[in-house]
Amino acid sequence: MGKGRYLLRRLIYIIFVFFIISILMFCIYKATPGDPVRMMIGDTGSMKPEQYEAMYEHYSEVLGVNKPVPVQYIRWITNMLRGDFGYSTQYKRDVIQIIGTPMKNTVLLNIFSMLVVFVISIPLGIITAVKKKSIFDKAVQVLTIVGYSIPSFVIALLAIYVFAVKLKWFPISGVKTAGLNATGLAAAGDMAKHMVLPVLVMSVGGLGSITRYVRASMIDALGMDYIKTARAKGLKEKVVIYVHAFRNALIPVVTVTTWWIIGLFGGSVVIESIFGWTGLGQMLLSGLMQRDFSVVLAMQMFYVVLALLGNVIMDIAYSLVDPRVRLEN
């Protein structure tokens, strides 16, 4: 019952914050200079004034911008909750029809980046904690500091220069090779080849920060009295490290990992633009440049929902890694 009440309270909290943020964002974009209807109509050429006026009124009705702002918001949020994200003035199509492929590309990019970071940083953090102050530990500390200190766009440019321009191992940009009509494994292989550099760049910062957090947490855990007791009882060192110490070191790691994952989706905007990766980030920047507010609001609300769910997932993860944490508290 306690967990059920907690989850219900968190759900109410998420819904409340969601609507507050949606109102703020909608009002901000409505206050932004620019007329989406005029941008949608584009070059009128030799169109007569009355024809232009009729077209303007038609598209104003389609976009719903001819109503008061409160009415526009209610219409927008109601449609969005039903899965209708509006009409794109840039693509001349419903947002729901153009968002599928970019979302798949962004999710794939972030999932592979997370896998790379977790597979490398967690074992590396544990090893450096166990071998504290060794040459290996010091070398890893230097590399991790460099990794998360350099801006991602600098790492991206260096990666392109070294691996794409000089070594020619990977393509510079894009999701697939231009003109390629492959399917199945051939298409997946071509996409994976284009994904290597963006994943590499997105992983560098995460590798540095997560490794250092795991190391610091493990060092604290290994110095606790219960670890000394476990060793005194004759338990194997691997059991002491990976069962007793690591589980208790996970609490701070869960916090930083959850927020890193949330930030990863937002941070992929820059990487997608640099590598020409057709994802949500590139669509968001394009929508901002073209004042395609339906697309921009849909993207922004996706990140809002991701952040809100991240808070709940983080609390649930706390209770899983540490039985002393109770969700009903």
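Colleague: Leaving aside its neighbours within four places in sequence, which residues is Phe-18 in contact with?

Modeller: This is a predicted model: local features need pLDDT of at least 70, side-chain atom pairs count only at pLDDT 80 or more, and totals for chains, interfaces and linings use all residues. Residues are numbered from 1 along each chain as its sequence is written, and side-chain values use heavy atoms, without hydrogens and water. Contact means heavy atoms within 4.5 Å. With neighbours within four places in sequence left aside, Phe-18 is in contact with Ile-77, Met-80, Leu-81, Met-301, Val-304, Val-305 and Leu-308.

Colleague: Which residues touch the most other members of the largest nonpolar core?

Modeller: A nonpolar core is a set of buried Ala, Val, Leu, Ile, Met, Phe, Trp, Tyr and Cys residues joined through side-chain atoms within 4.5 Å. Buried means under 20% relative accessible area, exposed over 50%, and partly exposed in between (1.4 Å probe, protein chains only). The largest core has 28 residues, and those touching the most other members are Phe-18, Trp-76, Met-299 and Met-301.

Colleague: Which helix gives the largest share of this core?

Modeller: Helices (H or I, at least four residues) and strands (E, at least two) are DSSP runs, numbered from the N terminus. At least two core residues come from each of α1 (2-31), α4 (69-81), α5 (95-98), α12 (280-290) and α13 (293-321). The largest share is eleven residues, and they come from α13.

Colleague: How many residues are in the second core?

Modeller: This core is separate. Its members include Val-117, Leu-222, Val-240 and Ala-249. The count is 21 residues.

Colleague: What is the area of the nonpolar surface patch?

Modeller: Such a patch joins nonpolar side chains (Val, Leu, Ile, Met, Phe, Trp, Tyr) within 5 Å, from residues with over 30% relative accessible area and no salt bridge; like charges are joined within 9 Å. Here the members are Leu-8, Leu-11, Ile-12, Ile-15, Phe-19 and Leu-81, with five residues from α1. Accessible areas come from the Shrake-Rupley method with a 1.4 Å probe, and for residues only the protein chains shown count as cover. The patch comes to about 560 Å².

Colleague: Why does Phe-19 count as partly exposed?

Modeller: Phe-19 sits in helix α1. It counts as partly exposed because its relative accessible area is 32%.

Colleague: Is Gln-72 buried or exposed?

Modeller: Gln-72 lies in helix α4. Beyond its neighbours within four places in sequence, Gln-72 is in contact with Phe-26, Lys-30, Gly-64, Val-65 and Lys-67. Its relative accessible area is 9%, so Gln-72 is buried.

Colleague: How many Å apart in space are Lys-30 and Val-65?

Modeller: Lys-30 is in helix α1 and is partly exposed, at 33%. Neighbours within four places aside, Lys-30 is in contact with Val-65 and Gln-72. In sequence, Lys-30 and Val-65 are 35 residues apart; in space, C-alpha to C-alpha, they are apart by 9.5 Å.

Colleague: Which side chains meet in a salt bridge?

Modeller: A salt bridge is a side-chain nitrogen of Lys or Arg within 4 Å of a carboxyl oxygen of Asp or Glu. The structure holds one. It links helix α7 (residues 135-149) with helix α9 (residues 184-222), and its two residues are 78 residues apart. At 2.8 Å, N to O, the partners are Asp-137 and Arg-215.
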